[in-house]
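Okay everyone, thanks for coming.

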Amino acid sequence: MPTRVLFVCLGNICRSPLAEGIFRHLAEGAGLGAAFEVDSAGTGHWHAGERPDPRARDVAKKNNVDLDQQRARQFSPDDFETFDHILAMDRQNLDDLLRRKPAEARADLRLLRTHDPEGGHDVPDPYYGGRRGFDDVYGLIERCCRELLTTLRTDGA
Ligand code: 4NP
């Protein structure tokens, strides 16, 4: 059974699509493409059905990561059953998810940056900034995803 990993942000057009694309790219590069099912979602519904933000697509493409198949969707309470690991981009996302989490939920829910070798809490929202913000966020998410992949393959989880 593949390990199911879900990344969650607010809009599902900037940070979590990048995390989904980067994690999948790293897993495939490590020959572990079939070991994981990767998805992303937003706590908000406003962008449902949209493609990732063009600035996210550009920074991904520069790094050979493909976001073309992705379309935004809102997080569903069913996701707590479907996924083994749910990684929230910031503390607001985490609080929103904790409020919706049923007591018997199976998924392990935590901040993505619990996997940041440099420490920290939030993946900053680049939506209202310039392209530079997307470069910074890309690097941050990538180093967290590398660590997450190492952890999950070590756990065999
Ligand atoms: P994301 O960024 O949560 O990383 O996808 C945002 C996208 C859209 C909005 C906020 C954040 N918005 O307010 O529309």
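The axes themselves are lines fitted to C-alpha atoms, for helices over the stretch in contact, and the angles run from 0 to 180 degrees between N-to-C directions. Helices (H or I, at least four residues) and strands (E, at least two) are DSSP runs, numbered from the N terminus.

Some ground rules. This is a predicted model, where local features need pLDDT of at least 70 and side-chain atom pairs count only at pLDDT 80 or more, while totals for chains, interfaces and linings use all residues. Residues are numbered from 1 along each chain as its sequence is written, and side-chain values use heavy atoms, with hydrogens and water left out.

Now, meet α5. This helix has 25 residues and spans 36 Å from first C-alpha to last, close to the 36 Å expected at 1.5 Å a residue (that's 1.5 Å times one less than the number of residues). Its buried residues (under 20% relative accessible area, 1.4 Å probe, protein chains only) include Phe134, Ile141, Cys145 and Leu148. What do the buried residues of α5 pack against? They pack against β1, α1, β2, α2 and β3.

Take α1 and α5. Their axes come within 9 Å and cross at roughly 50°, so α1 and α5 are oblique to each other. The crossing of α1 over α5 is right-handed, meaning the near helix is turned clockwise from the far one by less than a right angle. Touching here means heavy atoms within 4.5 Å: on the α1 side we have Leu18, Ile22 and Leu26, among others, and on the α5 side residues including Val137, Ile141 and Leu149. By class, that contact has 13 nonpolar, no polar and three charged residues. Nonpolar covers Ala, Val, Leu, Ile, Met, Phe, Trp, Tyr, Cys and Pro, charged is Asp, Glu, Lys and Arg, and the others, Gly among them, are polar.

Next, α2 packs on α5 at about 50°, axes 9 Å apart, and that makes α2 oblique to α5. Among the residues touching are Ala56 and Val59 of α2, and Phe134 and Tyr138 of α5. This contact divides into five nonpolar, no polar and five charged.

One last stop: Glu20, in helix α1. Buried or exposed? Glu20 counts as buried, because its relative accessibility is 6%. Leaving aside neighbours within four places in sequence, Glu20 touches Phe7, Val38, Asp39, Ser40 and Gln70.

Definitions and conventions
Angles under 35 degrees count as roughly parallel, over 145 as roughly antiparallel, 65 to 115 as roughly perpendicular and the rest as oblique. Buried means under 20% relative accessible area, exposed over 50%, partly exposed in between (1.4 Å probe, protein chains only).
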